[in-house]
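Let's take a friendly walk through a protein model. Have the sequence and the 3D view ready, and look for each part as it comes up.

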Amino acid sequence: MIFARRAIDDALWREAIGEFPVFDRLSETDIERLKVLAERFIRRKSIEGAQGLEIEAWMEAEIAAQACLPILGLDLDYYRGWRSLIVHPGGFLVRHSYEDEDGVVHEVCEERIGEAWDEGPVIVSWEDIDASRRGGEEGVNVIIHELAHKLDALNGTTNGMPPLHRDMDPARWSSDWSEAYEALCRRLDEERAPPIDEYAAESPAEFFSVASEYFFALPEVLRDAYPRVYEQLARFYRQEPIARP
Ligand SMILES: [Zn+2]
């Protein structure tokens with residue numbers, strides 16, 4: 001006889017939920033549903049430590065809980081096509097090459113805190129997961145950021161537009177997002193303080209991921225700055241963080 005292992009111990013789950021303010025808005029029912037998803041996530045995905053980092057059960061619970069928050073209104077199937085979530089102790093170096101205007105290829109090493117490969121693993125830094133704990137940096141969540149890139153990539157291109165639901169209008173999505181993106185870029189050009197992390201102005205794809213972090217972690221800030229973006233995300237994620245008790 002095979003006994004299904006309960007992937008996450010109840011006490012560890014409670015601690016994981018209590019550690020991160022991003023869960024404060026969830027109802028008891030949501031927290032129960034999130035646990036079921038997180039247990040499925042742990043069974044289907046492989047959460048691996050890199051550079052000697054050992055992933056203990058409590059860390060696994062914290063990672064899976066945050067990873068599943070964006071798909072609480074969707075399904076685990078939205079994370080299809082990849083298997084590993086790799087956790088480095090801190091920022092990690094990534095070597096990549098680019099071609100300049102003269103056609104010369106340069107190789108550079110850059111430090112990253114997270115990365116999502118096309119059809120490959122998600123890589124995050126534990127130090128930066130730590131930063132989104134209670135009392136840490138507000139509005140920041142490296143796991144949600146990288147998994148938003150994975151959702152964005154589901155329709156083949158990482159361009160700031162994930163596959164929309166049938167009741168959503170792609171033209172409306174594009175105009176709402178471009179308007180907000182241009183407003184953010186204009187604001188930065190005028191050297192005025194941006195309402196959300198300026199990294200969002202890197203590209204429409206980064207805007208989608210940074211807006212997703214705010215949607216879950218600081219939804220009021222996102223709604224006040226870009227109400228249409230907030231509304232589009234509420235439709236896509238099928239969640240209403242502000243309306244929650
Ligand atoms: Zn990014």
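This is a predicted model: local features need pLDDT of at least 70, side-chain atom pairs count only at pLDDT 80 or more; totals for chains, interfaces and linings use all residues.

| Helix | Residues | Number of residues | Span, first to last C-alpha | Expected span at 1.5 Å a residue |
|---|---|---|---|---|
| α7 | 204–217 | 14 residues | 20 Å | 20 Å |

Which residues of α2 are buried? They are Leu34, Lys35, Leu37, Ala38, Phe41 and Ile42. An α-helix has 3.6 residues a turn, so residues three or four places apart point the same way. The buried residues of α2 pack against α1 (10–19) and α3 (57–68).

Now turn to α7. Here 12 of the 14 residues are buried, so α7 is largely enclosed by the rest of the structure. Among the buried residues are Phe207, Phe208, Tyr214, Phe215 and Phe216, and also Glu206 and Glu213. Their cover includes α5 (142–152), α6 (170–189), α8 (219–225) and α9 (227–237).

Finally, find the sheet. It is open and mixed, with 4 strands in the order β1-β2-β6-β5. Because β1 (46–49) and β5 (114–116) stand at the edges with a single partner strand each, one side of each has no neighbour in the sheet. On average, neighbouring strands of this sheet are turned by 15° against each other, direction ignored. Strands β2 (residues 84–88) and β6 (residues 122–125) pair in the parallel sense over 4 bridges. Where does Leu85 find its bridge partner in β6? Look for Val122.

How values were computed
Residues are numbered from 1 along each chain as its sequence is written. A residue is buried if 20 or more other C-beta atoms lie within 10 Å of its own, exposed if 12 or fewer, and partly exposed in between; C-beta atoms are placed from the backbone. Helices (H or I, at least four residues) and strands (E, at least two) are DSSP runs, numbered from the N terminus. Two residues are in contact if their C-beta atoms, placed from the backbone, lie within 7 Å. Two strands pair if DSSP finds at least two bridges between them. Axes are lines fitted to C-alpha atoms, for helices over the stretch in contact, and angles run from 0 to 180 degrees between N-to-C directions. The expected span of a helix is 1.5 Å times one less than its number of residues.
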